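Hi,

Here is the structure I promised to pass on.

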Amino acid sequence: MPTIAVLSMKGGVGKSTITLGLASVAWERGQHALVVDLDPQANATMGLDVLAPVFTTNDVLADARPGIAADAVTGTGWAAHIKVIAAERALEHRNVNEGRHSALRLRTTLASLPRSYDLVVIDCPPSLGELTRNALSAADLAVVVTEPGYFALHGAAQALEAVEVIRGTTNPGLRTAAIVINRARPHLAEQQVRITELREAYGDLVSPSVLPERTSVPQAQGAGIPIHAWHSPGAREISNLFEDLYDEILPGLKMGPK
Ligand SMILES: Nc1ncnc2c1ncn2[C@@H]1O[C@H](COP(=O)(O)OP(=O)(O)OP(=O)(O)O)[C@@H](O)[C@H]1O
Ligand SMILES: [Mg+2]
């Protein structure tokens, strides 16, 4: 089960948007996806149209018994093949080290899930605390999100460093799948400079799927529906880019569900 952690060092750059975008591709293709919301803001949970979850990632991390993740899997408003382990505000309390193997709790519990998902996507909070360490320790692939701004290079470097630290300690199998540039406005010369800088520093690791700023993104999220179900030229453009990104980072899923 490919497990992807979506992270960034900066807040508001598009982690939840990319988490929901990958889930939307799975929705469109009939593949079984599980979103794990590790952000106390619960934006991915809301985008999946889940309003009052009973069990959350807070319960999963507080308890940490292997079977607990399966109990916490909740249906979404999207479709039966898209599931979530939802977040809640109290998850904030889990963003500190809680003793031995604290960063391995998510990994331990996800390992006992039935192998029925085609992919698992973990949405991280905007910090490098224990929640993001749990996500990176449980993931096979890290997707680093950045905006094409002045601090992009710096933020991407920090996120990649965090991935390296986890690879060197709790999760030797972890690999950075891509650096994704979000909210691009290609006509701005300043942004072009930043995009070139990122490509010069990280080469092919920078995804060719550069996501533009489109109003359909917050509109679909606010409506609690997949971007693929939002009918506008902007939504179609973004949906196609999410499909390219999905095929880039999950080439094994290109041919449809297993
Ligand atoms: N490509 C885009 N076009 C237009 N709006 C976007 C785009 N990407 C993200 N947004 C909007 O920007 C805001 C922040 O995006 P998002 O919530 O995905 O970022 P985040 O990195 O998850 O934030 P946080 O760090 O708070 O978790 C949201 O309102 C989202 O709808
Ligand atoms: Mg978010």
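The largest cavity has a volume of about 90 Å³, a volume being the space filled by probe spheres set on grid points joined across faces, edges and corners. A cavity here is a set of points, on a 1 Å grid over the protein atoms alone, where a 1.4 Å probe fits but cannot get out, and lining residues have an atom within 4 Å of a point. The structure holds one cavity of 30 Å³ or more.

Before you go on: this is a predicted model, with local features needing pLDDT of at least 70 and side-chain atom pairs 80 or more, while totals for chains, interfaces and linings use all residues. Residues count from 1 along each chain as written, chains are lettered from A and ligands numbered from 1 in written order, and side-chain values use heavy atoms, without hydrogens or water.

Helices α1, α9 (216–223) and α10 (233–249) each give the lining at least two residues; helices are DSSP runs (H or I, at least four residues; numbered from the N terminus). Among the lining residues are Thr 17, Leu 20, Gly 21, Trp 78 and Phe 242. By class, the lining has nine nonpolar, three polar and no charged residues (Ala, Val, Leu, Ile, Met, Phe, Trp, Tyr, Cys and Pro are nonpolar; Asp, Glu, Lys and Arg charged; the others, Gly among them, polar).

As for α1, 12 of its 15 residues are buried (under 20% relative accessible area, 1.4 Å probe, protein chains only). One of them is Ser 24, at 0% relative accessibility. Leaving out residues up to four places away in sequence, Ser 24 touches Trp 78, Pro 226, Ile 227 and His 228 (heavy atoms within 4.5 Å). After α1 comes Gly 30, with a positive phi near 75°.

Cheers

Conventions: Buried means under 20% relative accessible area, exposed over 50%, partly exposed in between (1.4 Å probe, protein chains only). On a 1 Å grid over the protein atoms alone, a cavity is a set of points where a 1.4 Å probe fits but cannot get out, and a pocket is an open set with protein on both sides within 12 Å along at least five of seven lines; lining residues have an atom within 4 Å of a point.
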